[in-house]
Amino acid sequence: MLDNTQIERIEPTPVNSAKVRQPMYAARKKIFPKRASGSFRQFKWLVMAVTLGIYYLTPWLRWDRGPFAPDQAVLLDVANRRFYFFFIEIWPQEFYYVAGLLVMAGVGLFLITSTVGRAWCGYTCPQTVWVDLFLVLERAIEGDRNARIKLDASPWTARKLALRVSKHAIWLVIGALTGGAWIFYFADAPTLLGQLFTGTAAPVAYITVAVLTATTYTFGGLMREQVCTYMCPWPRIQAAMLDENSLTVTYNDWRGEPRTRHAKKVQAAGQPVGDCVDCNACVAVCPMGIDIRDGQQLECITCALCIDACDGVMDKLGKERGLISYATLSDYNANMMLATAGGASPVNPSLVRTDDGLFSEKVAHFHIRKIFRPRTYVYMAMWSLIGLGLLYSLLTRDRLEINVLHDRNPQFVKLSDGSIRNGYTVKLLNMIPEPRTIIVTIGGLPGAEMSIVGVDLPADRSFAIQVEPDRLKMLKVFVRLPADQIHGQAQTFTLRVEDKASFESNEYTATFNAPEIAR
Ligand code: SF4
Ligand code: SF4
């Protein structure tokens, strides 16, 4: 029998020990981004105006397709199973065009990310655009960063209540307009607008507007950067897209460190001084609330506003712009090796400059040729090939089609005169928004005649059928073959369709079945 002390004591460290336990959930630290100004901010305003303009105005564009088709330029007509995009009309069986466009969008995203990093996130992602829009309104109502921080910390007063109610009310209106614009893509926009206000729209329209109002308000107004950091998978995926020649927003430590607010004092002490004056302007404008000087971070959406902020500071100090800049990892590493004497010392920015204070010739700068590398060639080739394939297919696609389904039971019927009759379901597809007279003709099968159920004409080898615009017409067709023309159990023939007005034609090869005894 062992005594207590003879039992071996091992020393594992519990990961969630009661002594050091931290809450699993950390409260969000509020971010009050300061308004930035500069060329990237200007570009972002432009992108915001264009993307929001496209989203809100597109359903109101008209496109004349004649009296038999809707005149909305972009319309997802779910009820009639059609997608209209200006002069292009997509039927359900042509959905591969939409799939192809989605694949192109995916490859395009790979291409953009491998060259200029998360440009999608920073400029055109709907979350970024709407957060930007919500921030503009917030600033207009509550003021810029300092005023907002002060207001947030102040006790509730009538003024604070009025400002907050106004802000949230306007955000909700933006949310409703966003949801409203979305449903206009699925029905005639002017008609649906009238129905919405008179309470006669379908319940699904009101539900969609309500859901999109709530999500836009929550994601764009309340959650903001948390959507990018915690909900979106793209920050995780993008790491696989980037390589050492991809451009990303970078703090150039090799010229910025050691940072100090007291350059003269430090220089007087014989210490090296970098260009960063530790003003935190780059942190104040960041919509994600991060410090880019800590290096590449998952949270950084590469909106480049910190570049604008820092360039403004450098301008005031009379120093070269670009302490924070779009740079590649390879250039950054080369410059860091230069500034640290091959990694042997801490950063000494004097090593990247000449005696007269200019950058040394050895400093690596981005060159446009770095965009063109094997990886980007592959993405470009894939994107172009898919695009050309879709374009070719679109320009050469049939707008008049025929599909034939042979009756399975019975496969044939023997008539009293010994002839054999086969039944078929024939589908005529008139894929243009005009009515057409389509000639249906039997090709081959000498002696055969057809009759069409509902067409009060004697049996013949050819019929003229009226087909409504943009419609599929289903016909029940019987083909009869005299006994002396039957040469086998299965004889092939064609059913040809032709529009004499447009010279379009198409044909389907079908089989005529007969019993063995008839041979
Ligand atoms: S660190 Fe700069 S680029 Fe990244 S999100 Fe913040 S402001 Fe935008
Ligand atoms: S804005 Fe520029 S100078 Fe100011 S802290 Fe940021 S990197 Fe340093």
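The protein chain has a radius of gyration of 35 Å, while a compact globule of 519 residues would have one near 24 Å. This radius is taken over C-alpha atoms, and the globule rule is 2.2 Å times the number of residues to the power 0.38. The C-alpha atoms fill a box of roughly 115 × 80 × 60 Å along the principal axes.

This is a predicted model, in which local features need pLDDT of at least 70, side-chain atom pairs count only at pLDDT 80 or more, and totals for chains, interfaces and linings use all residues. Residues are numbered from 1 along each chain as its sequence is written, chains are lettered from A and ligands numbered from 1 in the order in which they are written, and side-chain values use heavy atoms, with hydrogens and water left out.

**The chain as a whole**

The protein chain holds 16 helices and 14 strands. Both are DSSP runs, numbered from the N terminus: helices are H or I with at least four residues, strands are E with at least two. Of the 519 residues, 41% are buried. Buried means under 20% relative accessible area, exposed over 50%, and partly exposed in between, with a 1.4 Å probe and protein chains only. Take the contacts between residues at least 6 apart in sequence: 68% of them join residues at least 24 apart. A contact means heavy atoms within 4.5 Å.

**Two open sheets**

Strands of a sheet pair through backbone hydrogen bonds, either parallel or antiparallel. Here two strands count as paired if DSSP finds at least two bridges between them.

One open sheet has three strands in the order E1-E2-E3, with antiparallel pairing. Strands E1 (74-77) and E3 (88-90) stand at the edges with a single partner each, so one side of each has no neighbour in the sheet. The twist averages 10 degrees from one strand to the next. Angles run from 0 to 180 degrees between N-to-C directions, and axes are lines fitted to C-alpha atoms, for helices over the stretch in contact.

Another open sheet has four strands in the order E11-E9-E13-E14, again with antiparallel pairing. Its edge strands are E11 (462-467) and E14 (504-513), and each pairs on one side only. The twist there averages 25 degrees from one strand to the next.

E11 has two faces. Phe463, Ile465 and Val467 form the covered one, while Ser462, Ala464 and Gln466 form the uncovered one.

| Strand pair | Bridges | Residues standing opposite |
|---|---|---|
| E2 and E3 | three bridges | Tyr84 and Glu89 |
| E9 and E13 | five bridges | Ile442 and Leu495 |
| E9 and E11 | six bridges | Arg436 and Val467 |
| E4 and E5 | five bridges | Val249 and Tyr326 |

**An enclosed strand**

Five of the five residues of strand E4 (residues 247-251) are buried, so E4 is largely enclosed by the rest of the structure. Leu247, Val249 and Tyr251 point one way, and Thr248 and Thr250 point the other way. E4 pairs with strand E5 (residues 324-328).

**Around ligand 2**

Ligand 2 has 13 residues around it, and Cys276, Cys279, Asn280, Cys282 and Cys310 come nearest. A residue is near a molecule or strand if one of its heavy atoms lies within 4 Å of it. Helices H13 (281-285) and H14 (305-317) are the elements that give two or more residues to this shell. By class, the shell has ten nonpolar, one polar and two charged residues. Ala, Val, Leu, Ile, Met, Phe, Trp, Tyr, Cys and Pro count as nonpolar, Asp, Glu, Lys and Arg as charged, and the others, Gly among them, as polar.
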